Amino acid sequence: MKVLKSAINALQHCNAKDIKIYDLKGYNPFFDYAIVATAVAERQLDALISQINEEAVNSGFEVRNCVGRGSKWILIDLHDVMINFFTYEERLHFDLDKMWSNRPLIELPKDE
């Protein structure tokens with residue numbers, strides 16, 4: 001859960017919009033949680049990569065892979081957590097939210 005919280009912190013720090021966290025435990029053999037979020041501007045996509053790398057260093061977890069730099073869909077593999085960060089148009093096009101619509105959503109942690 002520590003990695004999931006760090007990923008959410010990074011997305012919130014980058015002002016990501018419409019953050020959804022899907023619980024895929026027992027449904028997907030590769031990761032337990034999928035995060036889908038929207039970038040308001042394309043520059044946010046690169047900012048997220050930097051923020052996730054900083055969170056990884058500070059929290060002691062590993063970024064397994066990051067693909068899509070320079071595109072409109074960034075995919076970051078944090079082992080049990082997969083982040084999908086899109087521009088608005090790309091998110092609508094690929095519609096991962098529809099694909100996972102039958103999976104439970106996890107509420108965003110409240111600010112303490």
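Visitor: Which residue in the hairpin of β4 and β5 takes a positive phi?
Guide: That is His79, with a phi near 70°. The hairpin has three residues between its strands. Bear in mind that this is a predicted model.

Visitor: How do β4 and β5 pair, parallel or antiparallel?
Guide: They pair in the antiparallel sense, over five bridges. Within β5, Phe85 has Ile74 standing opposite.

Visitor: And what about β2 and β5, how many bridges there?
Guide: Seven, and those two strands run parallel. Tyr33 is opposite Val81 of β5.

Visitor: How many residues of β5 are buried?
Guide: Seven of its seven. Val81, Ile83, Phe85 and Thr87 point one way, while Met82, Asn84 and Phe86 point the other way.

Visitor: Why does Asn84 count as buried?
Guide: Its relative accessibility is 3%, and buried means under 20%, so Asn84 qualifies.

Visitor: What does its side chain make a polar contact with?
Guide: The side chain of Trp73, at 3.3 Å. Leaving aside neighbours within four places in sequence, Asn84 is also in contact with other residues, including Ile35, Leu96 and Trp100.

Visitor: New topic: helix α2. What should its span be?
Guide: It has 18 residues, 42-59, and at 1.5 Å a residue they should span 26 Å. The end C-alpha atoms are 26 Å apart, which agrees.

Visitor: What do the buried residues of α2 pack against?
Guide: Helix α1 and the strands β2, β3, β4 and β5. Among those buried residues are Leu45, Leu48 and Ile52.

Visitor: Which residue comes just after α2?
Guide: Gly60, which takes a positive phi of about 80°.

Terms used. Residues are numbered from 1 along each chain as its sequence is written. Side-chain values use heavy atoms; hydrogens and water are left out. Helices (H or I, at least four residues) and strands (E, at least two) are DSSP runs, numbered from the N terminus. The expected span of a helix is 1.5 Å times one less than its number of residues. Buried means under 20% relative accessible area, exposed over 50%, partly exposed in between (1.4 Å probe, protein chains only). Contact means heavy atoms within 4.5 Å. A polar contact is a pair of N or O atoms within 3.5 Å; within protein, one must be able to donate a hydrogen and the other to accept it, and residues adjacent in sequence count only if both atoms are side-chain atoms. Two strands pair if DSSP finds at least two bridges between them.
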